[in-house]
Structures are given as structure tokens and as C-alpha cells.
Amino acid sequence: MFFLMICHHHDGPEIGALRDSLRPMHRDWVASGGNGAAIVLTGSALWDEAGSGIGNFGILQAETEAAARAFAEGDPFATGGVVREITLTRLADSFRAERIMPLSGG
């Protein structure tokens, strides 16, 4: 199954520095697919109009929604206090994932 994951980050002047400190661990988590919980097909930061980080998104492939949620909730951005809300939306079975080069091996 495929999922759109959107993570909204907390606001505040300290969040940018916290996000920067956790970014190497976040990237390792993405590369590992959350220790195999999901395959990350693509993702990126979300910015506001001023170019400040407000969240991140990913398109995940996972066996179940629970596995996709385990990936999202286990991300160092989530466990480290950057993420305030995670939404997962299942994508259509006809989603054309083969057009995307995965960011992780899952």
C-alpha cells in the first residue's frame, strides 16, 4: 500500500535549531525506511511563504497503515519533539510508484 505522510512541525524560534540538530538522524531514518517499516519513495521539507520550515512530507510504501505510522512516529523529528501532528492518507491502488526512484530500500 502507498501512503501520503504529512508531518506538521511545531512553531517557535527553537524549532529550527532542534530540527537542524536532528536532521542527520532523520536522514538516516529515512534511508533505512525506519529500520524496514516502510520504503520512502520521495519526500521533502514543507516551507511557508517566507521560506521557513513548517513540516515535511513523504510518499511511503508499507504493508499496512500501522507500519507506515510506525515509520512516521519513529522518525527522530517526531521522537525529538519537532513534529506536532502526523497525517497519513492512503493513496489509490492505481498509484504509479514505478515513476519514482525510492529514497530508501525498506
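**Strands, helix and core**

Modeller: Let's start with a pair: Ile39 stands opposite Gln61 in β3. This is a predicted model, where local features need pLDDT of at least 70 and side-chain atom pairs count only at pLDDT 80 or more, while totals for chains, interfaces and linings use all residues. Residues are numbered from 1 along each chain as its sequence is written, and side-chain values use heavy atoms, with hydrogens and water left out.

Biologist: How many bridges join β2 to β3?
Modeller: Eight, and the two strands run antiparallel. Strands pair if DSSP finds at least two bridges between them. Strands (E, at least two residues) and helices (H or I, at least four) are DSSP runs, numbered from the N terminus.

Biologist: And which residue takes a positive phi in that hairpin?
Modeller: Gly51, near 85°. The hairpin has five residues between the strands.

Biologist: Switching to α2. Which of its residues are buried?
Modeller: Ala67, Ala68, Phe71 and Ala72, in a helix that spans residues 65–74. Buried means under 20% relative accessible area, exposed over 50%, partly exposed in between (1.4 Å probe, protein chains only).

Biologist: Why are they on the same side of α2?
Modeller: They cover an arc of only 140° around the axis, so they share one side. The arc is taken from the directions from the helix axis to the C-beta atoms.

Biologist: What covers them?
Modeller: The cover includes β1 (2–9), α1 (13–36), β2 (39–47), β3 (53–61), α3 (76–79) and β4 (83–90).

Biologist: Which residues touch the most other members of the largest nonpolar core?
Modeller: Met5, Leu60, Ala62, Ala68, Phe71, Ile86 and Leu88, out of 20 residues. β1, α1, α2 and β4 each supply at least two residues of this core. Such a core is a set of buried Ala, Val, Leu, Ile, Met, Phe, Trp, Tyr and Cys residues joined through side-chain atoms within 4.5 Å.

Biologist: New topic. Where is His10?
Modeller: In the loop between β1 and α1. His10 counts as partly exposed because its relative accessibility is 34%.

Biologist: What is His10 in contact with?
Modeller: Ile15, Gly81, Val82, Val83 and Arg84, leaving aside neighbours within four places in sequence. Contact means heavy atoms within 4.5 Å. His10 and Val83 are 73 residues apart along the chain, yet their C-alpha atoms are separated by 5.9 Å.

Biologist: Last one: is Asn35 buried or exposed?
Modeller: Asn35 counts as exposed because its relative accessibility is 68%. Asn35 lies in helix α1 and has a positive phi of about 60°, although it is not a glycine.
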